[in-house]
Amino acid sequence: MEERRTEERWGRVSERALDLADRARESTTDAGERLTRMAPVGDWMDQARRFVQERPLQAIALTIGLGFVFGKLLGGRDD
């Protein structure tokens with residue numbers, strides 16, 4: 001009797017987990033599609049490539065600056 005109730009509970013739990021997983025998958029798929037429609041990654045890549053080709057020194061300076069900022073934010077303290 002107890003074993004049967006345990007199996008029924010696990011069955012309900014697994015059904016609920018599958019339902020939640022399906023909902024999460026649908027939500028992430030919908031969010032990804034909305035982001036792609038808003039600004040496709042290909043457009044960003046084209047703009048970045050064009051910026052680097054037209055302004056190589058600014059692109060290098062920007063990269064160094066961003067690397068410095070991220071290094072300070074993510075790195076440990078050395079003082």
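Which residue forms a salt bridge with Asp46? The partner is Arg49, with the closest N and O atoms 3.5 Å apart. The model is predicted.

## Overall fold

The protein has three helices and zero strands. From the N terminus, the order is α-α-α. Buried residues account for 1% of the 79 residues.

## Salt bridges

Searching the whole structure gives three salt bridges. One of them joins Asp46 and Arg49. These two residues sit three apart in helix α2 (residues 41-54), so about one helical turn separates them. Asp46 is partly exposed at 39% relative accessible area. Arg49 is also partly exposed, at 45%.

Glu8 pairs with Arg4, and their closest N and O atoms are 3.3 Å apart. Both belong to helix α1 (residues 2-38), four residues apart, or about one turn. Glu8 is partly exposed at 37% relative accessibility. Arg4, at 56%, counts as exposed.

Glu54 and Arg55 form a salt bridge through their side chains, at 3.7 Å from N to O. Glu54 is exposed, with 52% relative accessibility. Arg55 is partly exposed at 38%.

Phe70 belongs to helix α3 (residues 56-74). Its relative accessible area is 47%, so Phe70 counts as partly exposed.

Key. Residues are numbered from 1 along each chain as its sequence is written. This is a predicted model: local features need pLDDT of at least 70, side-chain atom pairs count only at pLDDT 80 or more; totals for chains, interfaces and linings use all residues. Side-chain values use heavy atoms; hydrogens and water are left out. Buried means under 20% relative accessible area, exposed over 50%, partly exposed in between (1.4 Å probe, protein chains only). A salt bridge is a side-chain nitrogen of Lys or Arg within 4 Å of a carboxyl oxygen of Asp or Glu.
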